[in-house]
Amino acid sequence: MSIKTTALAAISAIALTTVAKAQESWTMTTVWPASLELIEIDRKFVELANALTAGELAIELFDGGALVPAGEVFGAVESGTVQAGADWPGYWAGRNTAFSPLATHASLFNAVDYVNWIQQWGGADLYNEVYGKFGMVYLPYGVTNNESGFRTKKAIRNTADLQGMRLRLSGLEQGRLLTQLGGSQVSMAGGEIYQALERGVIDGAEFSTPNVDWSGGFQQVTSHWSTPGWHQSSSVFGVMINKASWDALKPETQQKLRIAADATMLWSLSFTEKRANDAYQQFKEAGTEITRMDDETLAKIQDMANATIEATACENPLSAKVYLSQVTYLQDYANWRNASAPFNLGRTPAGPSVEKLTACAK
């Protein structure tokens with residue numbers, strides 16, 4: 001081998017070593033098992049992130065439960081055991097109630113409202129303010145419209161039918177609202193719902209959009225479906241990133257992850273709406289009886305939801321701050337949304353009081 005060839009080989013080896021050292025490797029897990037379709041949003045983000053950051057960052061995604069139980073994903077990211085964890089923020093309301101409005105609402109935002117608020121009305125900063133208290137950076141990257149509603153073995157047509165029912169339900173405000181309506185909240189992970197319904201441990205359950213509920217097999221253990229999903233008018237999903245891991249990335253790589261998150265959010269909206277539409281027909285064909293609460297009942301629930309939101313928010317100034325930002329957005333956007341009706345992006349709900357939230361956010 002000539003001196004020139006040897007030198008070139010040495011330079012190539014050094015270059016390859018430099019590239020290898022420059023590329024970060026992240027372990028990412030999720031709260032969703034492979035059996036639930038929500039994991040597709042996480043997979044899409046990782047696919048796009050790896051494509052955009054090729055040579056800079058490699059993310060390996062593990063299904064929910066493969067590394068740690070779903071309830072321990074938050075702690076694993078906070079401690080740095082894993083660099084990233086996909087979640088639904090409402091699961092962490094026990095740590096700080098401000099996580100609740102970052103995840104969903106009872107009868108308030110639709111999916112487009114969350115996108116508008118996150119992207120243009122200051123919402124992204126509030127995610128990072130709340131998660132930042134636990135040493136994390138947060139990238140919202142998934143959004144779905146209202147959830148299916150309750151799946152039961154008897155019909156729920158109005159609030160009277162909720163009396164005495166034990167219902168699997170997520171969410172702090174949602175549980176308090178259900179109690180006021182005469183039912184009782186039972187908390188459990190998504191992977192436990194099927195058996196609980198099958199064995200009669202609970203009388204019914206909500207979980208997610210129709211396509212996700214179908215993937216959970218709930219059509220096999222329930223016969224009735226009460227719509228609409230007033231308890232969760234939309235939901236947000238995203239990735240928690242350990243702050244030290246985030247800070248170790250180059251600014252250009254961080255920006256690419258933000259771009260991947262934004263692209264995934266747009267994809268998630270159309271993907272889940274198409275899948276929900278298809279699953280609605282599947283439930284009908286499976287013989288599920290689908291009922292809908294009337295407008296008068298929904299208006300009553302809206303009033304009760306507003307009062308519950310105000311009371312819960314006022315227990316925590318940070319939660320009140322998040323809700324205040326969201327309700328202020330609704331009032332601001334109402335000018336154009338109402339003027340453009342019916343060719344607009346959803347409704348302007350008669351939501352909680354800005355004055356009460358302002359007082360509680362101080």
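**A walk through the structure, starting inside**

Let's begin at a buried spot: Phe109 has a relative accessible area of 0%, so this residue counts as buried. Please keep in mind along the way that this is a predicted model.

From that starting point, let's step back to the whole chain. It holds 14 helices and eleven strands. Along its principal axes, the C-alpha trace spans about 90 × 45 × 40 Å. A compact globule of 362 residues would have a radius of gyration near 21 Å, and the chain has 22 Å, so the two agree. Of the 362 residues, 53% are buried.

Now for the interior. In soluble globular proteins, nonpolar side chains tend to be buried together. Here the largest nonpolar core has 81 residues, and those with the most contacts inside it are Met28, Phe45, Trp117, Tyr127, Tyr131, Met240 and Leu257. Helix α13 supplies the largest share of this core, with nine residues. What does Leu257 touch, once its neighbours within four places in sequence are left aside? Its contacts are Trp26, Phe45, Ala49, Thr53, Leu57, Ile59, Leu139, Trp246 and Leu249. There is also a second, separate core of 16 residues, which includes Leu162, Met165, Leu177 and Trp230.

One of the strands worth a look is β2, residues 57-62, where you will find Leu61. Beyond its neighbours within four places in sequence, Leu61 is in contact with Met28, Thr29, Thr30, Asp42, Arg43 and Val46. Glu47 sits 14 residues from Leu61 in sequence, and their C-alpha atoms are 9.6 Å apart in space.

Next comes a sheet. Six strands form an open sheet in the order β7-β6-β8-β5-β9-β11, with mixed pairing. At its edges are β7 (184-186) and β11, each of which pairs on one side only. With β5 (residues 150-152), β9 pairs in the antiparallel sense over three bridges. Within that pairing, Phe150 stands opposite Ser226, and Arg151 has Trp225 as its bridge partner. With β11 (residues 289-292), β9 runs parallel, joined by four bridges. There, Trp225 has Ile290 as its bridge partner.

A pair of aromatic rings is described by the distance of the centres and the angle of the planes. Take Phe74 and Phe99: their ring centres are 5.8 Å apart and their planes meet at 90 degrees, so this pair is edge-to-face. Because Phe74 belongs to helix α3 (residues 73-79) and Phe99 to helix α4 (residues 99-103), the pair ties together parts that are 25 residues apart in sequence. Phe74 and Phe99 are buried.

This brings us back to Phe109, whose ring pairs with that of Tyr329. Their centres are 5.4 Å apart with planes at 80 degrees, so this pair, too, is edge-to-face. Phe109 lies in the loop between α4 and α5 (111-120) and Tyr329 in helix α13 (residues 317-339), so the pair ties together parts that are 220 residues apart in sequence. With a relative accessible area of 0%, Tyr329 is buried.

Finally, a few backbone details. Most residues other than glycine have a negative phi, and most peptide bonds are trans. Ser107 has a positive phi, near 60 degrees, and is found in the loop between α4 and α5. At 8% relative accessibility, Ser107 counts as buried. The peptide bond from Thr227 to Pro228 is cis, with omega near -5 degrees, and Pro228 is found in the loop between β9 and β10 (234-242). Another cis bond joins Ala341 and Pro342, with omega about 0 degrees; Pro342 is in the loop between α13 and α14 (354-361).

Methods:
Residues are numbered from 1 along each chain as its sequence is written. This is a predicted model: local features need pLDDT of at least 70, side-chain atom pairs count only at pLDDT 80 or more; totals for chains, interfaces and linings use all residues. Side-chain values use heavy atoms; hydrogens and water are left out. Two strands pair if DSSP finds at least two bridges between them. Helices (H or I, at least four residues) and strands (E, at least two) are DSSP runs, numbered from the N terminus. Rings of Phe, Tyr and Trp (its six-membered ring) pair if their centres lie within 6.5 Å; planes under 30 degrees apart count as stacked, over 60 as edge-to-face and the rest as tilted. Buried means under 20% relative accessible area, exposed over 50%, partly exposed in between (1.4 Å probe, protein chains only). A nonpolar core is a set of buried Ala, Val, Leu, Ile, Met, Phe, Trp, Tyr and Cys residues joined through side-chain atoms within 4.5 Å. Contact means heavy atoms within 4.5 Å. The radius of gyration is taken over C-alpha atoms; the globule rule is 2.2 Å times the number of residues to the power 0.38.
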